[in-house]
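Good morning, and thank you for the time.

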Amino acid sequence: MRVLVYPGSFDPVTNGHMDIIERAAKICDKLIVAVLVNHSKAPVFTMEERTMFLKMAIGDRENIEVRSFSGLLVDFMKSVNAKTIIKGLRAVSDFEYEMQMALLNRNMDQEIDTLFMMTSINNCFLSSSVVKELARNGARIEDYVPHAIAPYIYEKFKKAGG
Ligand code: PNS
């Protein structure tokens, strides 16, 4: 069985992530979307919120699972018995960081490989940071995130006082 793991901080999930999820699910038997901690970023949403948003956006899908994990990605890979990571690439600016991660992960576990999928052209400008910036300032985010989660994002910034 071909299992792919799509890791990320998903703070929050965007339509760009959803595009990769949909396309990745087509080329494997099982896709595990893994919500992890990126220690170089302070998240706005809790791990529980980020996981819930993904579950709401994905719905009930036979071959897609959403999990969360707070250690190293390579340890998560072992815990689910998977060997292949899939990540999305938007632009050259993503490449250096993603290459570092891919090499580092393979250095820690020789059996692990990372595949990259290019974003769809209409999502290449989109990021979780952009969505947060728009929502924080009261601009429309409905075109950029799954419909069901937009109200939760606005609510968070309202509570936090903008
Ligand atoms: O969506 P992001 O923020 O680009 O995702 C990065 C993420 C969460 C996949 C990466 O930070 C990660 O793998 N975190 C888990 C800890 C880990 O394994 N770090 C890499 C070795 S230092």
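Asn 81 counts as exposed, because its relative accessibility is 62%; here exposed means over 50% relative accessible area, buried under 20%, and partly exposed in between, with a 1.4 Å probe and protein chains only. The model is predicted, so local features need pLDDT of at least 70 and side-chain atom pairs count only at pLDDT 80 or more, while totals for chains, interfaces and linings use all residues. Residues are numbered from 1 along each chain as its sequence is written, and side-chain values use heavy atoms, with hydrogens and water left out.

Asn 81 lies in the loop between α3 (73-79) and β4 (84-89), where helices (H or I, at least four residues) and strands (E, at least two) are DSSP runs numbered from the N terminus. Although not a glycine, Asn 81 has a positive phi of about 60 degrees.

Phe 10 also has a positive phi, near 45 degrees. Its place is the loop between β1 and α1, and Phe 10 counts as buried because its relative accessibility is 2%.

I turn now to the packing. The largest nonpolar core has 31 residues; such a core is a set of buried Ala, Val, Leu, Ile, Met, Phe, Trp, Tyr and Cys residues joined through side-chain atoms within 4.5 Å. Among the members that touch the most others are Tyr 6, Ile 21 and Leu 31. α1 gives the most to this core, with 5 residues.
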